[in-house]
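Here's a quick briefing to read alongside the model. Take a look at the fold first, then go through the points below.

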Amino acid sequence: MKELVRDPADDSAWTDLKSCWRIRADTTYLNHGSFGPSPIVVQEAFRRWQDALFAQPMDFLVRQFEPAWLAARGQLATFVGTAGSNLIFVENATAGMNIVADSFPLAAGDEVLLTDHEYGAVERIWRRASERTGAQSRTVVLPLPLASLEETVDAVFAATSERTRLIVVSHITSPTAVILPVAEICREARRRGIAVAIDGPHAIAQVPLSIDELGCDFYAASCHKWLSAPLGSGFLYVAPRWQALVRPPVLSWGRIPPTRIESWSDEFVWAGTRDPSAYLAIPAAIEFLEQVGLAAFRQRTHWLARYARRRLCELSDLPPITADDPAWYGSMAHVPLPPSTARGVTSEQRPDETCPISNPLQNTIWRELAIEVPIVEFRGTRYIRVSCHLYNDTAQIERLAAGLAKLLAAGH
Ligand SMILES: Cc1ncc(COP(=O)(O)O)c(C=O)c1O
């Protein structure tokens with residue numbers, strides 16, 4: 001595929017890319033942000049690695065695997081702006097954040113600070129680490145609407161104290177789809193001697209990323225969201241100053257032969273026998289998006305997200321939580337919805353507000369419109385989060401807007 005100059009606002013300039021995916025014909029998929037399907041070329045690369053593995057497991061695992069792991073890591077490292085020696089592959093951002101939580105030196109009285117926009121599972125990870133160590137995990141409630149980067153950063157640091165050891169912050173948030181000012185947070189945290197762990201699964205590919213420039217301490221991400229690498233592929237970045245402290249959750253041979261353990265990341269190469277194909281196919285996902293053109297990908301998907309935001313904002317007079325500005329959001333539109341007036345769907349009945357699967361309106365949209373799109377509860381208001389990737393178009397958004405208008409009118 002040759003990189004073309006395509007108008008982000010012209011659906012017809014992007015239709016050829018739809019055939020790069022094989023999405024079920026009965027589904028309008030507007031939820032790449034939760035689980036991103038891989039383009040066919042990436043699936044093929046993944047299967048080629050699996051074929052090589054199953055055709056001769058001994059040769060593959062003992063001779064080919066490690067050079068391939070190192071090469072894939074090098075390519076990913078270039079893509080995210082750091083050295084390969086600072087990265088390890090992990091199955092997903094969750095695995096990466098668990099490694100940080102299990103390794104970070106916390107003691108009784110220390111504090112870990114999270115924002116109230118963090119992913120629910122990440123909050124649980126840090127609650128457990130705090131319970132184990134006698135530290136405290138605290139949440140800062142960010143001002144809403146998010147009016148300025150400065151105000152957001154100030155709110156974070158107003159909540160720190162001399163006991164704060166670590167700030168855990170999403171690069172792009174899950175329940176609110178907001179790009180947080182992580183560079184500014186890292187800069188101020190460095191000045192104060194506080195470490196920063198960035199939860200970044202939505203950011204990779206959706207926004208430009210140079211981890212070395214950010215200067216964070218840890219960065220955990222999944223490659224199976226916006227980058228569209230195979231499910232079960234992610235990475236953890238660890239800044240050189242922390243590398244000696246990071247422990248593998250599963251101790252095995254490390255590198256092959258085991259006598260060659262020379263750096264922290266060696267311990268993560270061989271963690272018992274497993275299929276590494278998802279990691280090894282990450283370069284195919286990078287190459288796919290680079291062929292489309294990363295700037296073009298971001299412009300198109302932001303244009304669609306903005307279109308979705310504007311159309312869905314017409315369904316109520318509730319204001320979104322940020323200005324309509326690419327500094328605040330990338331490929332995901334986040335729009336408030338009025339409360340349901342139908343019986344049996346009050347938010348009190350939802351046991352876990354961060355679990356979109358439990359949301360009745362989301363289920364109704366799927367059942368009645370065959371559209372996959374998450375409805376998320378945040379601070380007592382429900383929002384729709386529309387993910388826009390290269391296989392989406394304005395007709396899909398129009399269908400969602402029309403269908404949702406009817407459902408809301410019916411009290412859903
Ligand atoms: C901000 C954020 N952090 C972490 C995760 C967990 O990602 P994974 O399930 O790929 O580990 C998600 C998943 O949606 C997320 O949105």
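Which helices each supply at least two residues of the shell around the ligand? They are helix H4 (93–103) and helix H5 (120–133). Helices here are DSSP runs of H or I with at least four residues, strands are E runs of at least two, and both are numbered from the N terminus.

Before going further, keep in mind that this is a predicted model: local features need pLDDT of at least 70 and side-chain atom pairs count only at pLDDT 80 or more, while totals for chains, interfaces and linings use all residues. Residues are numbered from 1 along each chain as its sequence is written.

**Ligand shell**
- The ligand is surrounded by 13 residues, and the closest are Asn-92, Thr-94, Tyr-119, Ser-174 and Ser-222.
- By class, the shell splits into 5 nonpolar, 7 polar and 1 charged. Ala, Val, Leu, Ile, Met, Phe, Trp, Tyr, Cys and Pro count as nonpolar, Asp, Glu, Lys and Arg as charged, and the others, Gly among them, as polar.

**Seven-stranded sheet**
- Here 7 strands make an open sheet with mixed pairing, in the order E2-E8-E7-E6-E5-E3-E4. Two strands pair if DSSP finds at least two bridges between them.
- Strand E2 (87–90) and strand E4 (136–140) sit at the edges, each pairing on one side only.
- From one strand to the next, the twist averages 20°. Axes are lines fitted to C-alpha atoms (for helices, over the stretch in contact), and angles run from 0 to 180 degrees between N-to-C directions.
- E2 and strand E8 (residues 234–238) run antiparallel and are joined by 4 bridges, with Phe-89 opposite Phe-235 in E8.

**Three-stranded sheet**
- The order in this open sheet of 3 strands is E9-E12-E11, and the pairing is antiparallel.
- Its edge strands are strand E9 (332–337) and strand E11 (375–378), each pairing on one side only.
- On average, neighbouring strands of this sheet are turned by 35° against each other, direction ignored.
- E9 pairs with strand E12 (residues 381–387) in the antiparallel sense over 6 bridges, and Leu-337 stands opposite Arg-382 in E12.
- On the E11 side, the antiparallel pairing with E12 covers 4 bridges, and Arg-382 in E12 is the bridge partner of Glu-377.
- The hairpin of E11 and E12 has 2 residues between the strands, and Arg-379 takes a positive phi near 45° in this hairpin.

**Domains**
- The domain assignment gives domain 1 (11–30 + 293–409) and domain 2 (44–288), with bounds from an automatic or database assignment.
- Their centres, taken over C-alpha atoms, are 27 Å apart.
- Domain 1 puts 15 residues into the contact and domain 2 puts in 13 residues; contact means C-beta atoms, placed from the backbone, within 7 Å.
- On the side of domain 1 that touches domain 2, E9 and E11 are the elements giving two or more residues.
- That side of domain 1 divides into 8 nonpolar, 5 polar and 2 charged residues.

**Helix pair H2 and H3**
- Helix H2 (residues 40–55) packs on helix H3 (residues 57–80) at an angle of about 110°, with the axes 5 Å apart.
- H2 and H3 are therefore roughly perpendicular to each other, a label that covers 65 to 115 degrees (under 35 is roughly parallel, over 145 roughly antiparallel and the rest oblique).
- Ala-52, Leu-53 and Phe-54 of H2 meet Pro-57, Phe-60 and Gln-64 of H3 in this contact.
- The contact residues of H2 with H3 come out as 5 nonpolar, 1 polar and no charged.

Terms used:
Contact = placed C-beta atoms within 7 Å. Near = placed C-beta within 6 Å.
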